Amino acid sequence: MHRRTVLFGGVAVAAMFAGGFLSRAGKPGEARAESFEIKKSDDEWRKLLSPEQFNILRREGTERAGSSPLDHEKRKGIYHCAGCDLAAYSSDAKYDSGTGWPSFWQSLPGTVGTRRDTSLFMLRTEVHCRRCGGHFGHIFDDGPPPTGKRHCLNGLALSFKPATA
């Protein structure tokens with residue numbers, strides 16, 4: 001490899017980053033630019049959320065695979081948005097996808113919003129809370145019946161409330 005090849009390659013990569021080639025369809029936080037019932041400033045969200053939750057819910061971050069206790073949660077109950085407490089997913093739709101993140105084949109009706117995400121050189125469907133815009137994760141087309149969908153979610157974006165007896 002020649003020095004010139006490395007130099008031009010580095011310039012090309014820098015130009016892609018500067019031009020937003022590697023960014024999402026829009027900027028991080030685009031989902032929050034929509035109109036949501038619950039609106040808070042970043043400072044207000046920071047007071048309510050842990051730094052890790054803020055990064056995921058408000059900055060569209062991702063937790064490390066296998067790090068969420070909710071991936072192994074087996075009890076019956078409902079998973080709520082960790083930002084606004086909206087009930088979003090039922091344990092009845094949860095399954096072990098083997099990915100290291102809590103996975104569901106569907107959300108509760110009318111609880112999530114989606115948008116196109118073109119980050120990381122791929123086309124994905126980002127999923128967020130329809131009430132506060134908090135980023136949950138992504139939806140893929142490799143899930144089980146009956147929907148064939150995999151809602152691959154960050155456990156820190158959710159809180160679990162077990163069913164009462």
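In this predicted model, Asp-85 counts as partly exposed, with a relative accessibility of 37%, and the residue lies in the loop between β1 and β2 (87-90). Although Asp-85 is not a glycine, its phi is positive, at about 70 degrees. Glu-60, likewise not a glycine, has a positive phi of about 60 degrees, and its place is in the loop between α4 and β1 (77-81). Glu-60 is buried, because its relative accessible area is 3% and buried means under 20%.

Turning to the cysteines, the reader will find that the structure holds zero disulfides. Cys-81 is in no disulfide, because the nearest cysteine sulfur, which belongs to Cys-132, is 3.6 Å away, whereas a disulfide requires the two sulfur atoms to be within 2.5 Å. Cys-84 is in no disulfide either, and for this residue the nearest cysteine sulfur is that of Cys-129, at 3.5 Å. Both residues are buried: Cys-81 has a relative accessible area of 1%, while Cys-84 has a relative accessibility of 12%.

Finally, helix α4, which spans residues 51-59, contains Leu-57, and this leucine is buried, with a relative accessible area of 1%. How far apart in space are Leu-57 and Gly-137, which are 80 residues apart in sequence? From C-alpha to C-alpha, Leu-57 and Gly-137 are 9.1 Å apart.

How values were computed:
Residues are numbered from 1 along each chain as its sequence is written. This is a predicted model: local features need pLDDT of at least 70, side-chain atom pairs count only at pLDDT 80 or more; totals for chains, interfaces and linings use all residues. Side-chain values use heavy atoms; hydrogens and water are left out. Helices (H or I, at least four residues) and strands (E, at least two) are DSSP runs, numbered from the N terminus. Buried means under 20% relative accessible area, exposed over 50%, partly exposed in between (1.4 Å probe, protein chains only).
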